[in-house]
Amino acid sequence: MFKVFVDGEAGTTGLQINERLANRDDVELLHIDPELRKDAKERQRLINESDVTFLCLPDAASKESAELCTNPKTKIIDASTAHRTNPAWAYGLSELSPEFRKAVETNTRIANPGCHASGFILGVYPLIAAGLLKKNADLATYSLTGYSGGGKKMIADYEAEGAQISHPGESPRLFAPRPYALGHHHKHLPEMMQVCGLEKAPIFNPVVGPYYKGMAVSTALFQSSLTKSASAKDVQEILAAHYANTRFVKVLPFEEEPTLDAGSLNPTECNGTNEAHVYVFGKDSSIQVSVILDNLGKGASGAAIQNMNIALGLDEGIGLV
Ligand SMILES: NC(=O)C1=CN([C@@H]2O[C@H](COP(=O)(O)OP(=O)(O)OC[C@H]3O[C@@H](n4cnc5c(N)ncnc54)[C@H](OP(=O)(O)O)[C@@H]3O)[C@@H](O)[C@H]2O)C=CC1
Ligand SMILES: CC(=O)N[C@@H](CCC(=O)OP(=O)(O)O)C(=O)O
């Protein structure tokens, strides 16, 4: 029986991890008294009693919690941005390569990837690894996400009465999808660049929409960013070969005239699963890679559980669909 503590169990990500683990008979969940959830001493006790602690906290609190751990056997899986580019921590996207997987298997410190970053990296990393995409590529990426990505505060904002309802002649603040991070320094850019080995940050436009969860991360690949001329079909073949033996990353067949449901990409098609679907679109010299995932699944709690399973030497898919 593995003892598991979720630091931040009342938050959006923490709640989901707890829910996913509640029915497992190989896991004993350690719960904190809600009154003491910000008490460093009590958190320290539970962290050091656990085999695995998930940190589902703001960055500063995650750093503090990681420092409270003195038990050399406790494995920490951090859902926040705090340790994702720290070389002492494994980056928990094991599908990228055997080296990434090994790091999750062996390291007691695992950083769970950001949701937008997961979509971007899953599409871009294999193309760099294959030598097709230049490390100094000029990339432009937009990512459509549901509002749960913004945590409790954004969820409350979107779910406030009337916030999403539109009447003729009125424009409620949150009715239409909204591009954000317009200062071009989104918190996921450092991990996107470091993990892929990119020399330049992509121009990254996240867009939050008036729906709960699900995301589509789309990157434009210009021929000038490639080491040799390639078609969208060539790119699809590289990605399909890269992820052929993975459980949760599915590369869809290339279609010149995509026959998508309702004629468009559905950011919610992976909702409730730990899957990521990778699509490649394009005509003549234009190429677009789009990755769909549940921002609360493969983008957060699903990936966190998958990383725990791998780190404990279990089947990576236990408790996940
Ligand atoms: N939502 C998402 O899609 C994703 C979020 N993440 C990351 O996971 C982490 C948690 O995010 P999310 O679940 O959305 O956030 P929420 O805002 O939903 O929850 C955060 C929780 O942490 C608690 N908390 C805050 N400060 C402290 C502290 N000092 N000590 C102990 N507990 C504290 C909060 O308690 P209280 O409410 O009482 O303040 C709250 O319960 C963040 O780093 C976020 O960036 C990662 C992937 C996806
Ligand atoms: C809609 C929204 O605000 N989304 C968040 C990303 C949520 C997430 O996954 O980021 P972390 O894992 O790094 O917390 C954002 O863009 O900042």
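**Entry 1: ligand 2**

I began with ligand 2, and I found that its shell draws at least three residues from each of domain 1 (2-113 + 299-311) and domain 2 (115-297). These domain bounds come from an automatic or database domain assignment. Before going on, I noted that this is a predicted model, in which local features need pLDDT of at least 70 and side-chain atom pairs count only at pLDDT 80 or more, while totals for chains, interfaces and linings use all residues. I also noted that residues are numbered from 1 along each chain as its sequence is written, with chains lettered from A and ligands numbered from 1 in the order in which they are written.

Which residues come nearest to ligand 2? I listed Thr 81, Gly 114, Cys 115, Gly 149 and Gly 150, out of 15 residues around it. A residue counts as near a molecule or strand if its C-beta atom, placed from the backbone, lies within 6 Å of it. The elements giving two or more residues to this shell are β9 and α9 (297-311). For these labels, helices (H or I, at least four residues) and strands (E, at least two) are DSSP runs, numbered from the N terminus.

I then sorted the shell around ligand 2 by class and got six nonpolar, eight polar and one charged. Here Ala, Val, Leu, Ile, Met, Phe, Trp, Tyr, Cys and Pro count as nonpolar, Asp, Glu, Lys and Arg as charged, and the others, Gly among them, as polar.

**Entry 2: ligand 1**

Next I turned to ligand 1, which 25 residues surround. The closest are Gly 11, Thr 13, Ser 80, Gly 151 and Ala 300. I saw that α1, α3 (59-68), α6 (151-159) and α9 each supply at least two residues of this shell. The largest share, three residues, comes from α1. By class, I have nine nonpolar, 12 polar and four charged residues around ligand 1.

I looked up how the domains meet. Their C-alpha centres lie 25 Å apart. I found 17 residues of domain 1 in contact with 24 residues of domain 2, where contact means that the C-beta atoms, placed from the backbone, lie within 7 Å. On the domain 1 side, the elements that give two or more residues are α1 (12-22) and α9. The largest share of that side, six residues, comes from α9. Its residues divide into six nonpolar, nine polar and two charged.

**Entry 3: the mixed sheet**

Seven strands form an open sheet in the order β8-β9-β7-β10-β13-β12-β11, and I noted that the pairing is mixed. Two strands pair if DSSP finds at least two bridges between them. The edge strands are β8 (178-179) and β11 (249-251), each pairing on one side only.

I followed β7 (residues 140-146) and its partners. It pairs with β9 (residues 203-209) in the parallel sense over seven bridges, and Leu 144 has Val 207 in β9 as its bridge partner. Six bridges join β7 to β10 (residues 215-221), and these two run antiparallel; here the partner of Thr 145 is Met 215 in β10.

Is β7 mostly covered or open? It is mostly covered, with five of its seven residues buried. A residue is buried if 20 or more other C-beta atoms lie within 10 Å of its own, exposed if 12 or fewer, and partly exposed in between, with C-beta atoms placed from the backbone.

Pro 179 stands opposite Val 207 in β9.

**Entry 4: the parallel sheet**

I also found six strands in an open sheet, in the order β2-β1-β3-β4-β6-β5, with parallel pairing. β2 (27-30) and β5 (90-91) stand at the edges with a single partner strand each, so one side of each is left without a neighbour in the sheet. β5 pairs with β6 (residues 109-111) over two bridges, and Tyr 91 stands opposite Ala 111 in β6.

**Entry 5: the whole protein**

The protein has nine helices and 13 strands, and buried residues make up 44% of its 321 residues. The C-alpha atoms fill a box of roughly 60 × 55 × 35 Å, taken along the principal axes.

Technical notes: Two residues are in contact if their C-beta atoms, placed from the backbone, lie within 7 Å.
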